[in-house]
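Please keep the model open while reading.

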Amino acid sequence: MGRLQVWGAAVAAMVGFVLFSPSERAEAVGLCNCCDSALTPSCGKICATVSLAPGMCPVIVDYEGSGATVPGNNPLNGMSLRDMTLGDPTPWQLEEFRKFLETGRRKGIASYNAALRKLKRRKITQAEFDRVGTLYREAMVNYYHGIRAYLNRVGRKSD
């Protein structure tokens, strides 16, 4: 009976490791806009390898760092992902990017729902709610641009 308990504990530990490690790794993915004047060190390294066409400022995925993401803010806000460049990711990095997008989508929905509850309780004004609604819509549009790029990369054309 002792071996069965040890085996069960080992399986539970592995399941816990698998459940928690991808979410931590997904936070390491970031987005960089190489046209910004003040680049983070992580973005500077990526942007140094990319040659930009005049007038084009695509967002580039940073698989090794946090990119230009500000802690606490939704990474799907602040830049357009319409002309996103995924680079040449490994399958694991591509899956981390998908989880990064899903996390940003969930953050957008959660903040919108929280603002809606506050508006109904008259804790915020309509103008504050409209500001959160604008950020929510921007996050959802960027989520769909990112998922489209992801699906095109894995071979499931979304267009």
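## Ground rules

A residue is buried under 20% relative accessible area, exposed over 50%, and partly exposed in between (1.4 Å probe, protein chains only). By that rule cysteine 34 is buried, with a relative accessible area of 14%.

The model is predicted: local features need pLDDT of at least 70, side-chain atom pairs count only at pLDDT 80 or more, and totals for chains, interfaces and linings use all residues. Residues are numbered from 1 along each chain as its sequence is written, and side-chain values use heavy atoms, with hydrogens and water left out.

## Disulfide count and pattern

A disulfide is a pair of cysteine sulfur atoms within 2.5 Å. The count by this rule is three disulfides. With bonded cysteines counted along the chain, they follow the pattern 1-4, 2-5, 3-6.

## The three links

Helices (H or I, at least four residues) and strands (E, at least two) are DSSP runs, numbered from the N terminus. Cysteine 32 is joined to cysteine 43, S to S 2.0 Å. This pair links distant parts of the chain, eleven residues apart: cysteine 32 is in strand 1 (residues 30–33) and cysteine 43 in helix 2 (residues 41–47). The link of cysteine 32 and cysteine 43 is left-handed, with -85 degrees about the S-S bond. Cysteine 32 is buried at 0% relative accessible area. Cysteine 43 counts as buried at 1%.

Cysteine 34 and cysteine 47 form another disulfide, with sulfur atoms 1.8 Å apart. Here cysteine 34 sits in the loop between strand 1 and helix 2, and cysteine 47 in helix 2, 13 residues apart. The link of cysteine 34 and cysteine 47 is left-handed, with -85 degrees about the S-S bond. Cysteine 47 is buried at 12% relative accessible area.

Cysteine 35 and cysteine 57 are also bonded, with sulfur atoms 1.8 Å apart. The S-S torsion of cysteine 35 and cysteine 57 is about -100 degrees, so this disulfide is left-handed. Cysteine 35 lies in the loop between strand 1 and helix 2 and cysteine 57 in the loop between helix 2 and strand 2 (59–62), so the pair ties together parts 22 residues apart in sequence. Cysteine 35 is partly exposed at 37% relative accessibility. Cysteine 57 is partly exposed at 40%.

## Aromatic pairs

A pair of aromatic rings is described by the distance of the centres and the angle of the planes. Rings of Phe, Tyr and Trp (its six-membered ring) pair if their centres lie within 6.5 Å; planes under 30 degrees apart count as stacked, over 60 as edge-to-face and the rest as tilted. The whole structure holds four aromatic pairs. In one of them, the rings of phenylalanine 97 and phenylalanine 100 have centres 6.5 Å apart and planes at 25 degrees, so the pair is stacked. Both residues lie in helix 3 (residues 91–120), three residues apart, about one turn of the helix. Phenylalanine 97 and phenylalanine 100 are both buried.

Tyrosine 112 and tyrosine 136 are stacked too: 4.6 Å centre to centre, with 25 degrees between the planes. Tyrosine 112 lies in helix 3 and tyrosine 136 in helix 4 (residues 126–154), so this pair ties together parts 24 residues apart in sequence. Tyrosine 112 is partly exposed at 23% relative accessibility. Tyrosine 136 is partly exposed at 24%. Tyr112, Phe129 and Tyr136 form one aromatic cluster.

## A charge over a ring

A charge sits over a ring if NZ of Lys or CZ of Arg is within 6 Å of the ring centre and within 35 degrees of the ring normal. The charged end of arginine 105 sits over the ring of tyrosine 143, 5.5 Å from its centre.
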